[in-house]
Amino acid sequence: WKLNDGRLYNLRADPREGTDVAVHYPHVVKRLATALEASLTDEKTPTAATDRLEVSPETRKRLRELGYVD
């Protein structure tokens, strides 16, 4: 499932997101909207500014080669 501005897409059946199926699956819309709201208001959920990811030396080297990190 993908919920975007109240529109719901079944990505397995419709990977190009051509048909909004929200009217057929209101329970899925509600569940996803509730989960999204909870994740945005939960103080325990890290934000992009505070996320820390452990990166292996090999991955860091590759990211540097691609210009993503200094």
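These are my notebook entries on a predicted protein model.

**Ground rules.** I number residues from 1 along each chain as its sequence is written, and side-chain values use heavy atoms, with hydrogens and water left out. Since this is a predicted model, local features need pLDDT of at least 70 and side-chain atom pairs count only at pLDDT 80 or more, while totals for chains, interfaces and linings use all residues.

**Overall layout.** Helices (H or I, at least four residues) and strands (E, at least two) are DSSP runs, numbered from the N terminus. Buried residues make up 10% of the 70 residues. Buried means under 20% relative accessible area, exposed over 50%, and partly exposed in between (1.4 Å probe, protein chains only).

**The core.** Which residues make up the largest nonpolar core? I got five: L8, V21, A22, V28 and V29. A nonpolar core here is a set of buried Ala, Val, Leu, Ile, Met, Phe, Trp, Tyr and Cys residues joined through side-chain atoms within 4.5 Å. I then checked V28: leaving aside neighbours within four places in sequence, V28 is in contact (heavy atoms within 4.5 Å) with W1 and L8.

**D14.** I found D14 in the loop between β2 (7–9) and α1 (26–41). D14 is buried yet has no salt bridge, and R16, the nearest side chain of opposite charge, is 7.4 Å away. For charge, Lys and Arg count as positive and Asp and Glu as negative; His and the chain ends are not counted. A salt bridge is a side-chain nitrogen of Lys or Arg within 4 Å of a carboxyl oxygen of Asp or Glu. What does the D14 side chain reach? The backbone nitrogen of G18, at 2.8 Å. Leaving aside neighbours within four places in sequence, D14 is in contact with Y9 and T19.

**Salt bridges.** I counted three by this rule. One of them joins the side chains of E17 and K2 (3.1 Å, N to O). E17 lies in the loop between β2 and α1 and K2 in strand β1 (residues 2–4), so the pair ties together parts 15 residues apart in sequence. E17 is partly exposed at 28% relative accessible area, and K2 is partly exposed at 30%.

I also looked at helix α2 (residues 57–65), where E65 and K61 are four residues apart, about one helical turn. Their closest N and O atoms are 3.7 Å apart in a salt bridge. R62 and E65 meet in a salt bridge too (3.4 Å, N to O). Salt bridges that share partners join K61, R62 and E65 into one network.

Note on methods: Polar contact = N/O pair within 3.5 Å; in protein donor to acceptor, adjacent residues only side chain to side chain.
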